Amino acid sequence: MKTLQELTRANIWSLKPYSSARDEYKGVAASVFLDANESPYNMPHNRYPDPLQIDLKKKISKIKHVNPENIFLGNGSDEAIDLMFRAFCEPRIDNVVAIDPTYGMYLVCAEVNDVEYRKVLLDDKFQLSADKLLAATDDNTKLIFICSPNNPTGNDLSITEIEKVLNQFQGIVIVDEAYIDFSEEPSFATRLAEYPNLVVLQTFSKAWASAAIRLGMAFASTDIIGILNKIKYPYNINLLTQHQAMEMLHRHHEIDNWVKILKSERVYLEESFAELPCVLEIYPSNANFFLARVTNAVAIYNYLVSKGIIVRNRHNISLCDNCLRVTVGTRSENLKLIEALQQYKPE
């Protein structure tokens, strides 16, 4: 791996971060706050939240088995993704490499930040080739994005191939594990000491059933976390989000049960789909959704919309011709989907 200074944009490396009022008195047991121009009324919502979310990170640390200093919290995983571009990619000079098809925000962030985005197709089983990913890099490649389980394909990507990328790439590898709680594979989050160029993304939006609070997690070396903290907005995680996340963490055994139910429902949906005349193929999934190739994705999608049932049409995505992505719902929601598809008649 190149040194972090070599990988970081020069202006970011030399940047002096904004010092918030809540940063400047750390370690002091204060009771009178007259430093941040806040209103003294409407406690506790009158006060700025902890800019580094210390208590929340301590709780996450116990569940994820990652040290608090190796945790960055963002406004969804999308904030961490965008900050990776802003910290490490010089616009119009550097580039990033990513598997294809995959989560669309990597490309959006690349375009927003004016950074070249290089796609490397997965094979016909939706698996990655480390050699192909590495072959797409050059001296100006700063980041490689790998989503596993992958979106929209749903499958785990080869750990061996990911390890090969981590061992041979000179830049930073981002492994997006938004759906890891539904997988049987171990998380890379516990291997940060082994790979200093690794950033692992996870989220409260999927297994933790908290998409509305917009909380994403990034796990990385303390040096990389320091760079992200340097350039994030001072109070990027609001108090309401921090409180709700803490409540969900206290309910982690209940969340484990939800995951078991959803995995069982996924099997039920896949088996039901296999009996539908309009379904041609169902791809193996390790997520809370699956990808199905159908006879006519556009027509079936529009038919389901007319029935008030929304799935995701992935027909225009690489390797996903006539594919629909189906999220696993409750049994009643899943039954409505199956019943509607049983009644579907092509025009």
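Reader: What makes β9 and β11 a pair here?

Author: This is a predicted model, and in it 5 bridges join β9 (residues 289-294) to β11 (residues 323-327). Two strands pair if DSSP finds at least two bridges between them, so β9 and β11, with their 5 bridges, qualify. The two strands run antiparallel, and Phe289 stands opposite Thr327 in β11.

Reader: Why are β8 and β10 called the edge strands?

Author: The sheet is open, with 4 strands in the order β8-β9-β11-β10 and antiparallel pairing. β8 (279-282) and β10 (312-313) each pair on one side only.

Reader: And how do you know which strands helix α11 touches?

Author: Contact means heavy atoms within 4.5 Å, and by that cut-off α11 (residues 297-306) touches β9, β10 and β11 as it packs on the sheet. The direction of α11 makes about 35° with that of β11.

Reader: On to the largest pocket: what makes a residue part of its lining?

Author: A lining residue has an atom within 4 Å of a pocket point. The largest pocket is lined by 20 residues, and its volume is about 460 Å³. Ile63, Lys64, Ile180, Asp181 and Asp256 lie nearest the centre.

Reader: Which elements give two or more residues to that lining?

Author: Those are α3 (54-64) and α10 (252-274). The largest share, 6 residues, comes from α10.

Reader: How do the lining residues divide into nonpolar, polar and charged?

Author: The lining has 8 nonpolar, 6 polar and 6 charged residues. Asp and Lys count as charged, so Lys64, Asp181 and Asp256 belong to the charged group, while Ile63 and Ile180 are nonpolar.

Notes. Residues numbered from 1 in each chain as written. Predicted model: local features only at pLDDT ≥ 70, side-chain atom pairs only at ≥ 80, totals over all residues. Heavy atoms only, no water. Axes fitted to C-alpha atoms, helices over the stretch in contact; angles between N-to-C directions. 1 Å grid on protein atoms, 1.4 Å probe; cavity = no way out; pocket = protein on both sides within 12 Å on 5 of 7 lines; lining within 4 Å. Points joined across faces, edges and corners; volume = space filled by probe spheres on them.
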